[in-house]
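The following note sets out several points on the model shown below.

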Amino acid sequence: MLVFVIRRVLISIPVLIASTVLTFIIVKLSGDPLQYLKQRHPLPPQSLIQSEEHRLWLDRSWPSQYWHWISNVVLHGDFGPPLQGHENVRTSVLDALVITARLVFFSVLIALILAVITGVVSAVKQYSFTDYSTTFVGFLFLSMPTFWFAILLKQAGIKFNESTGTQFFGTIGERSIPITDTSFWGTIGDIVGHLILPVIVLGLVGYAAWSRFTRASMLEVLNSDYVRLARSKGLSPRRVLVKHALRTALIPLATVTALDIAALLGGAIITETVFQWHGMGYLFLNSLNNHGAGGVDMNVMLGWLLVTAAIVILFNLIADVMYGVLDPRIRHA
């Protein structure tokens, strides 16, 4: 198993290096970061523009800019200065990642629990009322536009708060501003209150897709020869289901889940926009329009893309390792 993991890690290194090159090229081709300065009326002094170009290393060649950027990231963890303001880019990206990770963790946890339970039950009781019911619910949430579902829940949360005279559901931001109760339980309650609605949105949308994968995979495994053999040996239905069928059926779900988690950590843009969370989605949109000034905040976008690429590669690696755990034959492939 250790050799299998090391081999996958070594394969991931050149992929990560290639992703940094592509990331840099994409951002460089996206536009002039100093467009907001060059389109001002009256035009600012040329010395100011040259000073900003020098600060951001825009007056060097592309290879020099790339090497300066990637060497600072690798050696110092420095993503470079922001286009405007004084906040460190690394701090901005990591703070946004923590906020989004909190949302994604609970959403994925709920989605996986529901998907595995309903997918397995639907497969075992194929064409029953339970199967039809869970299929209907799954397709219902799958067909809902995420932005519409999020807005619907947000309005429901607002009406609930108004009718009860409380702030049970947090509908704006990831925390209350200002924070009224700074005690431990008050802080926990505030965080949970703001988590509930966006977690329901992402959790139910994720569950709807993953439950269909689980059901299809379980049906395929339950009809396989080795499961029939296990039954013919007299093993209990529960042992056949859990020990022989479920473990194999989870392999496709592991792939889908790993890729979806990586995508969500890169920014659950729609959900974060509706609930005004300052996570990776907010950071992405904000860096695209440079705080409304036009152009792209180059270093913030580079940091966002690099972190997102690293997350995708990491979760692909995790999926590969899970393959090896769930199916020992893959370790020797």
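1. The crossing of α5 and α8 is right-handed, meaning that the near helix is turned clockwise from the far one by less than a right angle. Helices here are DSSP runs (H or I, at least four residues) numbered from the N terminus. This is a predicted model, in which local features need pLDDT of at least 70 and side-chain atom pairs count only at pLDDT 80 or more, while totals for chains, interfaces and linings use all residues. Residues are numbered from 1 along each chain as its sequence is written, and side-chain values use heavy atoms, with hydrogens and water left out.

2. Two packed helices are described by the angle between their axes and the distance between the axes. For α5 and α8 the angle is about 35 degrees and the axes are 5 Å apart; axes are lines fitted to C-alpha atoms over the stretch in contact, and angles run from 0 to 180 degrees between N-to-C directions. The residues of this contact comprise 23 nonpolar, eight polar and two charged. In that count, Ala, Val, Leu, Ile, Met, Phe, Trp, Tyr, Cys and Pro are nonpolar, Asp, Glu, Lys and Arg are charged, and the others, Gly among them, are polar.

3. Ala111 belongs to helix α5 (residues 89–124). Its relative accessibility is 1%, so Ala111 counts as buried (buried is under 20% relative accessible area, exposed over 50%, partly exposed in between, with a 1.4 Å probe and protein chains only). Beyond its neighbours within four places in sequence, Ala111 is in contact (heavy atoms within 4.5 Å) with Gly203, Gly206, Tyr207 and Trp210.

4. Which residues of α6 are buried? They are Asp131, Thr134, Thr135, Gly138 and Phe141. These residues lie on the same side of α6 because they cover an arc of only 135 degrees around the axis, the arc being that of the directions from the helix axis to the C-beta atoms. The cover over the buried residues of α6 includes α5, α7 (146–164) and α8 (184–222). On the face turned away from the buried side, α6 carries the exposed residues Phe129, Tyr132, Phe136 and Ser143.

5. Trp57, in the loop between α3 (46–55) and α4 (62–76), has a positive phi near 60 degrees. Gln276, in the loop between α11 (269–275) and α12 (280–288), has a positive phi near 55 degrees. Trp57 counts as partly exposed at 25% relative accessibility, and Gln276 counts as partly exposed at 38%.

Key:
Helix = DSSP H or I, 4+ residues; strand = E, 2+ residues; numbered from the N terminus.
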